[in-house]
Amino acid sequence: MDFKGFDHPDRQTDGGTRSVKVMIAGGFGTGKTTMVRSVSDIKPLTTEETLTQASADVDNLIGVADKQETTVSLDFGKIGINDQLVLYLFGTPGQERFWFLWNGLFKGALGAVVLVDTRRLASSFRAIEEMERQDVPFVIALNVFPDSKDHPIEEIRDALDIPPHTPIVACDARDRTSSRDVLVALIRHLKERSAVALESR
């Protein structure tokens, strides 16, 4: 796959390898930290803290009652897609009380993955709204949990109010290959957007 021709700024090293910033976003408990951990080529940096009773009135734990830790700043990882492209992955915090960090995290991002738990679609509305507000291209990744129901993609698209050109893919954030496939889908989406933009000039 040729990765030249992006219409967004990125960085190219002397060896010809491009490094690109990618966001891993989504609602609370959708699997962002899990994805960064599973796919990163390096030991990821995580800022998880233990959930305590003190946060019970602040964090919405409906649907994620078994969750014991939460990201309070960001997750960071890195993956080489091939000899031409390295992705730097920045996972966002999911709780509303940490959303103020998002503006800084999104600076310079080429694209994003929005992880969605189909059992709790509303938990990812804020992340999708933020992508649209900041004009960051994204793909939707449906993280398959053990008790997730199988919904047709178009039903999910309608429920999330996602335009037809935005890819929706299923994944298992615990699995490296599955998570990598999501990132490849994002890169392909960015390439297609770039090609359309160049044709319209």
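Is Asp41 buried, exposed or partly exposed? With a relative accessible area of 46%, Asp41 counts as partly exposed, where buried means under 20% relative accessible area, exposed means over 50%, and partly exposed lies in between (1.4 Å probe, protein chains only).

The structure is a predicted model, in which local features need pLDDT of at least 70 and side-chain atom pairs count only at pLDDT 80 or more, while totals for chains, interfaces and linings use all residues. Residues are numbered from 1 along each chain as its sequence is written, and side-chain values use heavy atoms, with hydrogens and water left out.

## Overall fold

The protein chain has five helices and nine strands, and along the sequence these follow the pattern β-β-α-β-β-β-β-α-β-α-β-α-β-α. Helices (H or I, at least four residues) and strands (E, at least two) are DSSP runs, numbered from the N terminus. Of the 201 residues in the protein chain, 49% are buried. The accessible surface of the protein chain comes to about 10400 Å², and 50% of this belongs to carbon and sulfur atoms; accessible areas come from the Shrake-Rupley method with a 1.4 Å probe, and for residues only the protein chains shown count as cover. Among the contacts in the protein chain with a separation of 6 or more, 75% are between residues 24 or more positions apart, a contact meaning heavy atoms within 4.5 Å.

Helix α1 (residues 32-39) is largely enclosed by the rest of the structure, because six of its eight residues are buried. The buried residues of α1 are Lys32, Thr33, Met35, Val36, Ser38 and Val39.

## Salt bridges

Side chains of opposite charge can pair when their charged atoms come close. The structure holds eight salt bridges, each defined as a side-chain nitrogen of Lys or Arg within 4 Å of a carboxyl oxygen of Asp or Glu. Three of these pairs are described here.

Asp41 forms a salt bridge with Arg176, and the closest N and O atoms are 2.7 Å apart. This pair links distant parts of the chain, since Arg176 belongs to helix α5 (residues 176-199) and Asp41 to the loop between α1 and β3 (48-50), 135 residues apart. Arg176 is partly exposed, at 37% relative accessibility.

In a second pair, the side chains of Arg119 and Asp117 meet at 2.8 Å, N to O. Arg119 is partly exposed at 33% relative accessibility, whereas Asp117 is buried at 0%.

Arg126 is partly exposed at 24% relative accessibility, whereas Glu130 is buried at 4%. Arg126 and Glu130 are separated by about one helical turn, because they stand four residues apart in helix α3.

## The negative patch and its surroundings

Glu129, Glu132, Glu155, Asp158 and Asp161 form a negative surface patch. Patches are made of residues with over 30% relative accessible area and no salt bridge, with like charges joined within 9 Å and nonpolar side chains (Val, Leu, Ile, Met, Phe, Trp, Tyr) within 5 Å. Lys and Arg count as positive and Asp and Glu as negative, while His and the chain ends are not counted; the place of a charge is taken as NZ of Lys, CZ of Arg, CG of Asp or CD of Glu. Helices α3 (125-134) and α4 (153-160) each supply at least two residues of the negative patch. Asp158 is found in helix α4, and Asp161 in the loop between α4 and β9.

| Residue | Relative accessibility |
|---|---|
| Asp158 | 59% |
| Asp161 | 62% |
| Asp135 | 55% |
| Ala122 | 54% |

Asp161 has a positive phi of about 60 degrees although it is not a glycine. Asp135, in the loop between α3 and β8 (138-143), likewise has a positive phi, of about 55 degrees, and is not a glycine. Ala122 is found in the loop between β7 (111-116) and α3, and its C-alpha atom is separated by 9.2 Å from that of Ala159, 37 residues apart along the chain.

Thr166 lies in the loop between α4 and β9 (168-171) and is buried, at 3% relative accessibility. Not counting residues up to four places away in sequence, Thr166 touches Phe138, Val139, Arg157 and His189.
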